[in-house]
Amino acid sequence: MFGRKKKQEADNIVYYGVGIFSDGQVDDHQFETWTDELMDAAENVGTSSYIVNEEFNQEHLTILYERFPNVDPKRPVFVINKIDYEEIQKEYKKLEQQHKWKKFFNSIPLSDYTDAEDRAVFAPHDVQLCTNDLLEASRFLKDRRTEGEKNE
């Protein structure tokens, strides 16, 4: 009885993916500092990724920067979107279809699954916030957390 209510509350929480896009000049310590700050902001960050612009789909980056023209792509960019687990599963299935033999032998690298997850979470048409401002990203997550609490 008590566990059932907690499970329902946990199901109501919407989790977000945070991507930090940069030119590759951000060191691991800085990435961890930003990630920790965003994860602590509202406790609704489910995943975080450090993405180097040159290694990401350039067409997706173009769409993203067209949707958010005030963002300076030369500076680190914070991208936030809801985590859609169904979309992630679809990307996994596409990956496994492309590499059937590797799937058969369980030899698809974890990095390929991570890339598929990033494609699903940071799909440019679905991104909810794209900014150069860490405080704005933090406020966005806090606002979404309080909205989720109101809906419970």
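1. In this predicted model, Glu91 and Lys94 share helix α4, where a spacing of 3 residues places them about one turn of the helix apart. Their side chains form a salt bridge, with 3.4 Å between the closest N and O atoms. Glu91 is buried, its relative accessible area being 13%.

2. Glu91 also takes part in a salt bridge with Arg119, for which the closest N and O atoms lie 3.1 Å apart. Because Arg119 belongs to helix α6 (residues 110–121) and Glu91 to helix α4, this pair ties together parts that are 28 residues apart in sequence. Through shared partners, the salt bridges join Glu91, Lys94 and Arg119 into one network. Arg119 itself is partly exposed, with a relative accessible area of 31%.

3. As for the overall architecture, the protein contains 7 helices and 4 strands, which follow one another along the sequence as α-β-α-β-α-β-α-α-α-β-α. Of the contacts with a separation of 6 or more, 81% are between residues 24 or more positions apart.

4. Regarding burial and surface, 38% of the 152 residues are buried, while the accessible surface comes to about 10,000 Å², with 48% of that area belonging to carbon and sulfur atoms.

Notes:
Residues numbered from 1 in each chain as written. Predicted model: local features only at pLDDT ≥ 70, side-chain atom pairs only at ≥ 80, totals over all residues. Heavy atoms only, no water. Helix = DSSP H or I, 4+ residues; strand = E, 2+ residues; numbered from the N terminus. Buried < 20%, exposed > 50% of the residue type's maximum accessible area, 1.4 Å probe, protein only. Contact = heavy atoms within 4.5 Å. Areas by Shrake-Rupley, 256 points an atom, 1.4 Å probe, with all protein chains shown as cover. Salt bridge = Lys/Arg side-chain N within 4 Å of Asp/Glu carboxyl O.
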